[in-house]
2 protein chains.
Amino acid sequence: MVLYDGKSVQTIRVDTPSARYEVHAGSGLLASLAPRIERLAGRLPRRVFVLTSPEIWALWGEAFQKSFAEAPIALFLPAGEKHKTLRSAESLARQMIRAGADRGSLLIAFGGGIVGDVGGFLAAIFMRGIAYVQVPTTFLAQVDSSVGGKTGVNLPEGKNLVGSFHHPLAVFAEISVLNTLSGRELRAGLMESVKAGIIRDRALVRFMEERADEILDREPKALERVIAASIRMKAGVVGRDEREGGLRMILNFGHTLGHAVEQATRYKVLLHGEAVGWGMIAALYIARLRGTVSRAQAERLEELIHRYGPLPRFDVSAAKLVSATGADKKNVGGVRRFVLPIGIGDSGVVEDVTAGELREAAEYMLAEAAKAPDLTPKPAPKPEKQS
Amino acid sequence: MVLYDGKSVQTIRVDTPSARYEVHAGSGLLASLAPRIERLAGRLPRRVFVLTSPEIWALWGEAFQKSFAEAPIALFLPAGEKHKTLRSAESLARQMIRAGADRGSLLIAFGGGIVGDVGGFLAAIFMRGIAYVQVPTTFLAQVDSSVGGKTGVNLPEGKNLVGSFHHPLAVFAEISVLNTLSGRELRAGLMESVKAGIIRDRALVRFMEERADEILDREPKALERVIAASIRMKAGVVGRDEREGGLRMILNFGHTLGHAVEQATRYKVLLHGEAVGWGMIAALYIARLRGTVSRAQAERLEELIHRYGPLPRFDVSAAKLVSATGADKKNVGGVRRFVLPIGIGDSGVVEDVTAGELREAAEYMLAEAAKAPDLTPKPAPKPEKQS
């Protein structure tokens, strides 16, 4: 732990074959953004752009700009998945050109996962690649989408079908902006931390079990601990496997059936983290069947998932879910890879999960989901929404 | 020189920090494409796509498909710069998804510079990057745009403003397809070889002086020699400077004023290579002023450029050209970098070329251009066009 400006910040180093950078998580980062970037880049580029959403900018724009002598040029991406398109990227690139951007310009992505994904992709393709910095404002973006270099936009045929690997110069995860996040958004984001613990960090599992009240009450030190541990887990994995050849695959724990649930409910009922929560419950069922976790371990982990719920009710058929997993782009050459936890804090990838097992797991999950509270509709994009 | 299937092929190795691949130039490549790719990739992927233009496909599609047991899925990009857009890339990506493409799919770009640029960019962003192979069909694409990893599309604000660095698995430059290229296209492409000789290959300058008749008559061995030398020059430069930090800048010889001429004539009067020819004449003028080439050397090189002409007449003001260079995206942070030949076969970059020198050089070039033959309009996209 490092002290900076009297505030607490943890720094995690990401080290991949193609890039090396630091992720800072803590309080007081927003107030010191410009000098931090300046130190990183040698000097501030002549043109600094910030991509954000109107909602985040209304809440945090002033605090964001405070440390800059010359205000960055603000570009806006409206909230919502429907704006995560090549068309948005093109419109933003054109705005940058007209505002005098060149290859030496810097882009800061200041917002949730969608701003981060579009911003990273924009930086990746603008004049064949410019430098960028991530300043994620949702819990999910802080622990997940801002680390690993994956950027991209959607096609009508599916999510994230075009994109790039493009690493940021640095990531600044400011804890205090999480205060304007809705409780549901926070809990959904925490599912990725639960995932991080289950697949690779037994101590994080224990911390999230024991300190659930403080975490859900947004006690800054508790949040910082969870965020830093989640990022550290992901940085470790990405550092060993940048392009998802092997190890990185474990980050998809809970995502095979999670994505299927999102698709089958047309992204209208659950937040991403909530779908992953259900997907983990289904994956734990298969793990128990195969004996990679004991019955007691599976129950303990399932309880932890529900502790950060409630996960919302949804209703689709098991057959639809199984067929949706078949279309998952995570499959190369038709081989189905599936992540299973091994005890608590470890995990592995298997390639022989059958459609029968998937169906059985989906049925178990659906029976649980039928008992869950109805939270529909999914909250509309608001200041608190990942945007 | 390597013999393959009784045909002559030269192989040039490209070796950059991020990729290592081979460029093959010669005859008989098209007939052996599938086994060559198979050897390279271990096996042919389940889905092979070929991006091409309707015109190239009509002429060479049958020959292209011959070596494949299962015909690649053809995707079409209409000829012409106006289709080099993000919208085209998106439409092609959607076609690929609908045809079952996944991360293991392979894309072959079979056409001129535009097909190569769009195809490379499509491969760069499709599912965050898939493998691709370049099979360039114009002289310009063979010597220039298929080597170096630059891919991209245009914005209404300018050319190649969005793109990626994404290297192909291999490049196959088949000499025989040049037989359907128009004479004007061939000569314009040869300007890039003249450039290659001037900046870095004295022997190529001499060969192009002595063997101009055979080269312009498309004698295969002479063309192969010129193409291989040009690619070797570019591969050597790109291997030392992948991202245009320094040395790679010399490839822009003739391009500062060349681009200005293209812009000022709204891309309607000259082919790219012709504009570069004029740009080299202007740059030689500055080099002579500064003494980096002697008067005799400048005259000899100017004569060589005209030997591969005629360069077409055009008429714009010197002031317009000078102002167009100021908008050149090659300038980082406002510093104007300019490439000057040093004697014959060497070159360097200077950063202190003044607007006055540019203007004087532009005036010299404009006086020459006023005496040149009128070739307008620039040929419409046809089978022979870079498409």
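Predicted model: local features only at pLDDT ≥ 70, side-chain atom pairs only at ≥ 80, totals over all residues.
Me: How many helices and strands does chain A have?
Reply: The 387 residues of chain A include 61% that count as buried. Counting its secondary structure elements gives 14 helices and 12 strands.

Me: Which radius of gyration does chain A have, and what does the globule rule give for 387 residues?
Reply: The C-alpha atoms of chain A fill a box of roughly 60 × 45 × 40 Å along the principal axes. For 387 residues the globule rule gives 21 Å, and the value for chain A is close to that, so the chain is as compact as a globular protein of that length. The radius of gyration itself is 20 Å.

Me: What share of the contacts in chain A with a separation of 6 or more comes from residues 24 or more positions apart?
Reply: The count takes in contacts in chain A with a separation of 6 or more. Within that set, residues 24 or more positions apart account for 76%.

Me: How far apart do the centres of the positive and negative side chains of chain A lie?
Reply: The accessible surface of chain A comes to about 14100 Å², with 49% of it belonging to carbon and sulfur atoms. As for charge, the chain has 51 positive and 43 negative side chains. The centres of these two sets lie apart by 4 Å.

Me: Which residues does the cis peptide bond of chain A join?
Reply: Most peptide bonds are trans. In chain A, a bond with omega of about 10° is cis. One of its residues lies in the loop between helix H12 (295–307) and helix H13 (318–326) of chain A, namely Pro310(A). The bond joins Gly309(A) and Pro310(A).

Me: Is Arg218(A) buried or exposed?
Reply: Arg218(A) sits in the loop between helix H8 (212–216) and helix H9 (220–240) of chain A. Its phi is positive, about 60°, although it is not a glycine. Buried means under 20% relative accessible area. With a relative accessible area of 19%, Arg218(A) is buried.

Me: What is phi of Arg218(B)?
Reply: Arg218(B) lies in the loop between helix H8 (212–216) and helix H9 (220–240) of chain B. At 19% relative accessibility, it counts as buried. Its phi is positive in a residue other than glycine, and the value is near 60°.

Me: How far apart are the end C-alpha atoms of helix H6 of chain B?
Reply: Helix H6 (residues 183–200) of chain B is mostly covered, with 15 of its 18 residues buried. At 1.5 Å a residue it should span 26 Å, and this agrees with the distance between its end C-alpha atoms, 26 Å.

Me: Which residue with a positive phi follows H10(B)?
Reply: Helix H10 (residues 255–264) of chain B is mostly covered, as 8 of its 10 residues are buried. Among them are His255(B), Leu257(B) and Val261(B). The buried residues pack against several elements of chain B, including strand E9 (158–165), H6 and helix H14 (355–371). After H10(B) comes a residue with phi near 50°, Arg266(B).

Me: Which residues of chain A does Val162(B) touch?
Reply: The place of Val162(B) is in strand E9 of chain B. Its relative accessible area is 0%, so Val162(B) is buried. Residues up to four places away in sequence are not counted; in chain B it touches, among others, Leu86(B) and Thr151(B). In chain A it touches Ala93(A), Ile125(A) and Met127(A).

Me: How far apart in space are Phe172(A) and Arg248(A), C-alpha to C-alpha?
Reply: Phe172(A) is found in strand E10 (residues 170–174) of chain A, and it is buried, with a relative accessible area of 1%. Its contacts beyond four places in sequence include His24(A), Leu33(A) and Val135(A). Phe172(A) and Arg248(A) are 76 residues apart in sequence, and in space they are apart by 23 Å.

Key
Residues numbered from 1 in each chain as written. Chains lettered and ligands numbered in written order. Heavy atoms only, no water. Helix = DSSP H or I, 4+ residues; strand = E, 2+ residues; numbered from the N terminus. Expected span 1.5 Å × (residues − 1). Buried < 20%, exposed > 50% of the residue type's maximum accessible area, 1.4 Å probe, protein only. Rg over C-alpha atoms; globule rule 2.2 N^0.38 Å. Contact = heavy atoms within 4.5 Å. Areas by Shrake-Rupley, 256 points an atom, 1.4 Å probe, with all protein chains shown as cover. Lys, Arg positive; Asp, Glu negative; His and termini not counted. Charge placed at Lys NZ, Arg CZ, Asp CG, Glu CD.
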